[in-house]
Amino acid sequence: MTMTTRRPAAAPPRLDLSESALFLDLDGTLAPIAPRPQDVGPDSRRTAVLKRLVPRMEGRIAILSGRTLAEIDHILEGAVTPAAGVHGLERRGLDGRRSPVAPDAALPGAREAFRRLAASASGLLVEDKGLS
């Protein structure tokens, strides 16, 4: 049996912020995963980093989340304006204007199916953002 020595992977090229855009997920990327969604809150170090990064990106940074825009703003302390919340049903551009998107007509039926599933087993939680 022969053993081969693996070389460490080369580091990726340095990111050129002037030629890049960042689309960042909130939960599990910018903020930790918590047992309950309401357990995630602001973090002054994260906010400070974002407030330094936003001007350098010149508007080419956005947050993507299943949370509402209000929840995103609370957790990130308003550090990033462009965002898509509720998996794209709430959208806000760099200028702060919101562009709502109508949910699929099947959403009420899917919501009810998830509620039935959660009621049938302990420990399941359905996060409902109240969009019809």
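This is a predicted model: local features need pLDDT of at least 70, side-chain atom pairs count only at pLDDT 80 or more; totals for chains, interfaces and linings use all residues.
Local features are given where pLDDT is at least 70, side-chain atom pairs count only at pLDDT 80 or more, and totals for chains, interfaces and linings use all residues. Residues are numbered from 1 along each chain as its sequence is written, and side-chain values use heavy atoms, with hydrogens and water left out.

## Overall form

The chain has 3 helices and 4 strands. Helices (H or I, at least four residues) and strands (E, at least two) are DSSP runs, numbered from the N terminus. Read from the N terminus, the order of elements is β-α-β-α-β-β-α.

The radius of gyration of the chain is 19 Å, whereas a compact globule of 132 residues would have one near 14 Å. This radius is taken over C-alpha atoms, and the globule rule is 2.2 Å times the number of residues to the power 0.38. Along the principal axes, the C-alpha atoms fill a box of roughly 55 × 55 × 30 Å.

Of the 132 residues, 27% are buried. Buried means under 20% relative accessible area, exposed means over 50%, and partly exposed lies in between (1.4 Å probe, protein chains only). The accessible surface of the chain is about 9,500 Å², and carbon and sulfur atoms account for 57% of that surface. These areas come from the Shrake-Rupley method with a 1.4 Å probe, and for residues only the protein chains shown count as cover.

A contact means heavy atoms within 4.5 Å. Among contacts between residues at least 6 apart in sequence, 47% join residues at least 24 apart.

There are 19 positive and 16 negative side chains, and the centres of the two sets lie 4 Å apart. Lys and Arg count as positive and Asp and Glu as negative, while His and the chain ends are not counted. Each charge is placed at NZ of Lys, CZ of Arg, CG of Asp or CD of Glu.

## The nonpolar core

A nonpolar core is a set of buried Ala, Val, Leu, Ile, Met, Phe, Trp, Tyr and Cys residues joined through side-chain atoms within 4.5 Å. The largest such core has 18 residues, and the members that touch the most other members are L26, I61, I63, I72 and L76. Two or more core residues come from each of strand 1 (22–25), helix 1 (44–57), strand 2 (61–64) and helix 2 (69–76). Helix 2 gives the largest share, 4 residues.

Not counting residues up to four places away in sequence, L26 touches A31, I63, L64, S65, R67, I72, I75 and L76.

## Residues around helix 2

With neighbours within four places left aside, S65 is in contact with D25, L26, D27, I72, A84, G85, V86 and H87. With the same exclusion, T68 is in contact with V86, E90 and K129.

V86 is in the loop between strand 3 and strand 4 (90–92). Although V86 is not a glycine, its phi is positive, at about 50°. Another positive phi in a residue other than glycine belongs to E77, near 55°. E77 lies in the loop between helix 2 and strand 3 (83–85).

T47, in helix 1, is in contact with L76, E77 and A79 when neighbours within four places are left aside. The C-alpha atoms of T47 and M57 are 10 residues apart along the chain and separated by 15 Å.

## Helix 3

A119 is found in helix 3 (residues 107–120), and A110 is placed in helix 3 too. The C-alpha atoms of A119 and P42 are 31 Å apart, with 77 residues of separation in sequence. A110 and L30 are 80 residues apart along the chain, and 28 Å separates their C-alpha atoms.

## Accessibility of the residues discussed

| Residue | Relative accessible area | Class |
|---|---|---|
| T47 | 6% | buried |
| S65 | 7% | buried |
| V86 | 10% | buried |
| T68 | 15% | buried |
| A110 | 31% | partly exposed |
| E77 | 40% | partly exposed |
| A119 | 69% | exposed |
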